[in-house]
Amino acid sequence: RDNFIYLPKPGDMIQFQMFGFQHWGIYIGRGNLPHSPHVPGLDTRLLLSASAFGFKFKVRKEKIKDIQGVLKIAVWNKFDEKYPPLDPACVVKRARHMANKVLRYNLANANCEHFATLMRYDKLDFLGFSFEDVSLLRNSWSFASLLEGR
């Protein structure tokens, strides 16, 4: 795609700029990206209410080129200066392990950016709130099976 800023390496966090929001995933190589799917054109108010009612989604592995509504794509390993990333092979293994898992969505603490951050750093850091104990997200998403992917 010509709208890619920097070429990704396996284990990189990928940020998609969409119209009015950003979407995140983890690059695992060969153009593939496990991510929590977004719904193009979905109203943010609907997402907020879906969060309150325990909306669930299936983590999908897709080709980057097939993700709808993308304006720009960038590699942005946004917490590399704050946290040491896990080994790229480990990040890829964890992200692959999550493909087809059904997770609970919550805009505030279990969204696509949290998913990508957890895969790369095994940490949750969002809007200045740092959660050293990732159990909050693991509990929110029932991540017991993720431990096998370490």
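Which side chains meet in a salt bridge of 3.2 Å, N to O? They are those of Arg 60 and Glu 62. The model is a predicted one, so local features need pLDDT of at least 70 and side-chain atom pairs count only at pLDDT 80 or more, while totals for chains, interfaces and linings use all residues. Residues are numbered from 1 along each chain as its sequence is written, and side-chain values use heavy atoms, with hydrogens and water left out.

First, the overall layout. The protein has four helices and 10 strands, taken as DSSP runs numbered from the N terminus (H or I of at least four residues for helices, E of at least two for strands). Along the sequence they come in the order β-β-β-β-α-β-β-β-α-β-α-β-β-α. Of the 150 residues, 47% are buried; here buried means under 20% relative accessible area, exposed means over 50%, and partly exposed lies in between (1.4 Å probe, protein chains only).

Back to the charges. With a salt bridge taken as a side-chain nitrogen of Lys or Arg within 4 Å of a carboxyl oxygen of Asp or Glu, the count comes to six. In the opening pair, Arg 60 is partly exposed because its relative accessibility is 36%, whereas Glu 62, at 18%, counts as buried. Another bridge joins Asp 66 to Lys 65, with the closest N and O atoms 3.3 Å apart. Asp 66 is partly exposed at 38% relative accessibility, and Lys 65 is exposed at 57%.

A further bridge, between Arg 120 and Asp 80, has its closest N and O atoms 2.9 Å apart. This one ties together distant parts of the chain: Arg 120 sits in helix H3 and Asp 80 in the loop between E7 and H2, 40 residues apart. Arg 120 is buried, at 7% relative accessibility, while Asp 80 is partly exposed, at 31%. Asp 12 joins Asp 80 and Arg 120 in a network of salt bridges.

Next come the rings. A pair of aromatic rings is described by the distance of the centres and the angle of the planes. Rings of Phe, Tyr and Trp (its six-membered ring) pair if their centres lie within 6.5 Å, and planes under 30 degrees apart count as stacked, over 60 as edge-to-face and the rest as tilted. By this rule there are four aromatic pairs. Phe 79 and Tyr 121 make an edge-to-face pair because their planes are at 75 degrees, with the ring centres 6.0 Å apart. Phe 79 lies in the loop between strand E7 (72-75) and helix H2 (88-98), and Tyr 121 in helix H3 (residues 112-121), so this pair also links distant parts of the chain, 42 residues apart. Both Phe 79 and Tyr 121 are buried.

Tyr 83 and Tyr 121 form a tilted pair, 6.3 Å centre to centre with 55 degrees between the planes. Here Tyr 83, in the loop between E7 and H2, is 38 residues away from Tyr 121 in helix H3. Tyr 83 is buried at 7% relative accessible area, and Tyr 121 is buried at 3%.

Finally, the surface. Arg 30, Lys 61, Lys 63 and Arg 96 form a positive patch. Patch members have over 30% relative accessible area and no salt bridge, with like charges joined within 9 Å and nonpolar side chains (Val, Leu, Ile, Met, Phe, Trp, Tyr) within 5 Å. Lys 61 is placed in strand E6 (residues 60-63) and is partly exposed, at 48% relative accessibility.

How values were computed. Accessible areas come from the Shrake-Rupley method with a 1.4 Å probe; for residues, only the protein chains shown count as cover. Lys and Arg count as positive and Asp and Glu as negative; His and the chain ends are not counted. The place of a charge is taken as NZ of Lys, CZ of Arg, CG of Asp or CD of Glu.
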